[in-house]
Amino acid sequence: MELRKRNVAAAPPTPVHAFVEKVRELDVYPKTLDDFKERTSSGAAISVICCSIIFLLVVSELRAYMTPTTLDQLHVDTTRSARIHINFNMTFPNMPCSGLSLVAMDVAGEQQIDVVSNINKTRYTLDGKYIDLEYDDATIAQRLGTTCGKCFPHRDDIPETKGQCCNSCNDVRSVYHLSGKKGSDGRKPKWEEHSLCQHEAVLLDPTRLKDIKEGCNIVGFLEVNKVAGNFHLAPGKAFQSATGQLVHEFKPFDTHFYNVSHVIHSLSFGEHYPNRVNPLDDAKAILSSGSGVFQYFVKVVPTTYAFASGEELSTCQYSVTDRFKSAHDPTSFVLPGVFFIYDISPIMVKVTEKRTSFTYFLTSLCAIAGGVFTTASLVDAAVYQISQSHAARLG
């Protein structure tokens, strides 16, 4: 018995099916059946290397995208800013805090003599061990508040009087003047020995300075006019003479005792901005013996930093040269100390942050992936052809 197959007419394609088929013809990435794919060890190695390279390049591109670039522009400074902040942090390993006077002056005639506000002095031993902080009277009163300071903290043999407070050097001098208390040695205590009065004692008698074996760290800021000037740290009492000259009072024959070796931990003009370089940060000037004057000639450049967010910061940067003159120079008298002589540049620098756009970042990622994969496929094809030719010759 013969069976015959009945011819059944194929159903005509629906419009949707025809449209899908037309869309499939646009596929420029035709797929190969897994049965016709051949996996090789060389291909696996190239794939691992390819993915590693892509990962490293993507990380590098991401870092570049997150880090803004800067554009520097120069133009004449037309601003009329009245004041500049000078921020400093310095250590004098061989100079006591009580003997250091901070003085600032400028060509406009403004003088700040024996500055004590907005600065902190920390006393150290000669081998760098912390002793105590040295405060001015206003700061001491603010820190103590209603607390009663001791009048004889350095004398265990003299009892404190209840209700008697010494919160400033003036208080100490008044108590010591009126008090008839004596120590176990039968002598009255000296107000100059009190920790609150060391600075005043040195100012009244500069010969005390060379007998105080301590170091000092001084940190704070000055506010000066936006004109040329200088500020300096020098030993002895600073005051203005009747002729208008600035005078530091100390024994001239003791100048060789004033070791003004110093470490500049930081020195800046204005507020900090990203990637600013301060040339004097971590600078050291150490004298093994003798004394002298260190002069730093600073050229201050007004700077405007424009952040990518649109915010602008008015600040400064600077360049510097230095000079040292020994106190033993017989040709002229030298005032020992550290002097910063600054001048203001008429040219302003504007630093503008620029960030890469997100579309550029995506384009770069696509270029990385496509380029590495294309190069890897060419290398893989070449390696595969070479291996096949080698196998054919051996076979």
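This is a predicted model: local features need pLDDT of at least 70, side-chain atom pairs count only at pLDDT 80 or more; totals for chains, interfaces and linings use all residues.

**Entry 1: salt bridges.** I began with Lys350, which forms a salt bridge with Glu312, closest N and O atoms 3.5 Å apart. The two sit in distant parts of the chain: Lys350 in strand β16 (residues 347-354) and Glu312 in strand β14 (residues 312-326), 38 residues apart. Lys350 comes out partly exposed at 25% relative accessible area, and Glu312 is also partly exposed, at 48%.

I then searched the whole structure and got 6 salt bridges. One of them joins the side chains of Glu223 and Arg83, at 3.7 Å from N to O. That pair spans 140 residues, from Arg83 in strand β2 (residues 83-92) to Glu223 in strand β7 (residues 215-225). I looked up the accessibility of both: Glu223 is at 34% and partly exposed, and Arg83 is partly exposed with 34%.

Next I checked Lys299 and Asp343, whose side chains meet in a salt bridge at 3.2 Å, N to O. Lys299 belongs to strand β13 (residues 292-306) and Asp343 to strand β15, so the contact ties together parts 44 residues apart in sequence. Lys299 counts as partly exposed at 35%, and so does Asp343 at 34%.

**Entry 2: strand β8.** Is β8 buried or exposed? I went through residues 229-235 and found 7 of the 7 buried, so the strand is largely enclosed by the rest of the structure. I sorted the side chains by direction: Gly229, Phe231, Leu233 and Pro235 point one way, while Asn230, His232 and Ala234 point the other.

For its partners, I found β8 running antiparallel to strand β3 (residues 100-106), with 7 bridges between them. Asn230 in β8 has Met105 opposite. There is also an antiparallel pairing with strand β15 (residues 337-344), this time over 5 bridges. Here Leu233 stands opposite Val338 of β15.

**Entry 3: the six-stranded sheet.** I traced an open sheet of 6 strands in the order β6-β5-β7-β2-β11-β12, with antiparallel pairing. Its edges are β6 (130-134) and β12 (283-285), each pairing on one side only. Neighbouring strands are turned by 20° against each other on average, ignoring direction. At the β12 end, I counted 3 antiparallel bridges to strand β11 (residues 262-269), and Ile264 has Ala283 in β12 as its bridge partner.

**Entry 4: around α4.** Cys169 is in helix α4 (residues 169-178). I call it buried because its relative accessible area is 1%. Its C-alpha is 8.7 Å from that of Ser195, 26 residues away in sequence. I also looked at Asn167, in the loop between α3 (137-144) and α4. Asn167 is buried too, at 16%, and its C-alpha lies 8.4 Å from that of Cys151, 16 residues along the chain.

Entry 5: The unreviewed UniProt entry annotates residues 40-59 and 358-379 as "transmembrane region". I checked both in the model. Residues 40-59 are 95% helix and 0% strand, with end C-alpha atoms 29 Å apart. Residues 358-379 are 100% helix, with the ends 32 Å apart.

Last stop: Phe19, Val20 and Val23 form a nonpolar surface patch, about 270 Å² of accessible area together. Val20 sits in helix α1 (residues 15-24) and is partly exposed, at 34%.

Terms used: Residues are numbered from 1 along each chain as its sequence is written. Side-chain values use heavy atoms; hydrogens and water are left out. UniProt positions are given in the numbering used here, feature names are shortened, and annotations may be inferred rather than shown by experiment. Helices (H or I, at least four residues) and strands (E, at least two) are DSSP runs, numbered from the N terminus. Patches are made of residues with over 30% relative accessible area and no salt bridge: like charges are joined within 9 Å, nonpolar side chains (Val, Leu, Ile, Met, Phe, Trp, Tyr) within 5 Å. Accessible areas come from the Shrake-Rupley method with a 1.4 Å probe; for residues, only the protein chains shown count as cover. A salt bridge is a side-chain nitrogen of Lys or Arg within 4 Å of a carboxyl oxygen of Asp or Glu. Buried means under 20% relative accessible area, exposed over 50%, partly exposed in between (1.4 Å probe, protein chains only). Two strands pair if DSSP finds at least two bridges between them. Axes are lines fitted to C-alpha atoms, for helices over the stretch in contact, and angles run from 0 to 180 degrees between N-to-C directions.
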